[in-house]
Amino acid sequence: MSQQLLSDLTDGVLTLTLNRPDKKNALTREMYAALAAGIKSADADDSVRALIIQGSTECFTSGNDVSDFVNEAPGGPNSPVYDFLKAICHATKPVIAAVNGPAVGVGTTMLLHCDLVFAASNARLRMPFVNLGLCPEAGSSFLLPRLLGHLRAAELLLLGEEISGARAAEIGLANRSLEPGQPVLDAARDAALRIAALPPGSVQLSKRLIKEGVARTADEVMEREGEHFARLLRGPEAREALAAFLEKRPAVFR
Ligand code: COA
């Protein structure tokens, strides 16, 4: 597995840890591919009862690597990002997220596919797709309004407003908000171990029954979003927004 994604299987819990601290765990193609491989290996391995996706005690992820957006536009049904999104959308084992610090873009939208989400009270969740001249991805245009209602989803997706982990728990985007740092990782581990001790057949069937209708629609929406996203990524608005981020200057949209 990649050095940018650490993997550990202990006591029936597969923990995937994003590990690119110098870039705030920005996700590269290599990391998406490793995440997809980790989730698929969990699906295929009877000894895995639950999965944790986490960053460090400081940072979950700053989302897709912006340089990759510029140089190697993700997208297409065979791309690593798409492979990851499909894998998490259809994961057969419970997926638990532990969120400290920034969770930007796909860092927040991947949470919509998880079964349990634990967030630091001061975690920073944000989906700045419109701000970057892009559009919602990962099925979020369907999953977010379904979860929060239209107005709250629109606030987060159209304005790209940042919310704290405490607020995320208040509005139902996280199960619980906790003291920042290790307590968040501990809460995820504790929940995963509790799941690992439950009857696996019943856990997996129950997860499937809860998710299968939603996952099917999310998958279809993801495809449509993906086509728009790939087109917008090549457009002038995204080019300016992404160049501005890399050049550390404000974007100007004419
Ligand atoms: N892609 C590539 N590099 C990124 C990145 C990303 N998504 N997010 C952060 N980095 C890099 C920064 O360019 C910087 O690199 P440098 O040290 O070589 O200059 C380094 O990671 C540290 O980031 P910095 O912005 O200085 O940290 P911060 O603590 O002030 O802010 C964030 C953290 C996550 C809030 C901020 O980096 C951010 O908003 N990132 C962009 C997120 C984004 O737009 N993602 C795409 C969503 S679709």
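Two strands count as paired when DSSP finds at least two bridges between them, and strands themselves are DSSP runs of type E with at least two residues, while helices are H or I runs of at least four, numbered from the N terminus. With that in hand, welcome to this predicted model, where local features need pLDDT of at least 70, side-chain atom pairs count only at pLDDT 80 or more, and totals for chains, interfaces and linings use all residues. Residues are numbered from 1 along each chain as its sequence is written, and side-chain values use heavy atoms, leaving out hydrogens and water.

**The sheet**

Ala103 stands opposite Leu125 in strand 7. Strand 5 and strand 7 (residues 124–126) pair in the parallel sense over three bridges. Both belong to an open sheet of three strands, in the order 5-7-8 with mixed pairing. Its edge strands, strand 5 and strand 8 (163–164), each pair on one side only.

**The ligand**

In total, 17 residues surround the ligand (a heavy atom within 4 Å). Among the closest are Lys23, Ser62 and Val66, and their polar contacts (N or O pairs within 3.5 Å) are listed here.

| Residue atom | Ligand atom | Distance |
|---|---|---|
| Lys23, polar side-chain atom | oxygen | 2.7 Å |
| Ser62, backbone N or O atom | nitrogen | 2.9 Å |
| Val66, polar backbone atom | nitrogen | 2.8 Å |

Taken alone, the ligand exposes 880 Å², of which the protein buries 69% (Shrake-Rupley method, 1.4 Å probe).

Definitions and conventions: A polar contact is a pair of N or O atoms within 3.5 Å; within protein, one must be able to donate a hydrogen and the other to accept it, and residues adjacent in sequence count only if both atoms are side-chain atoms.
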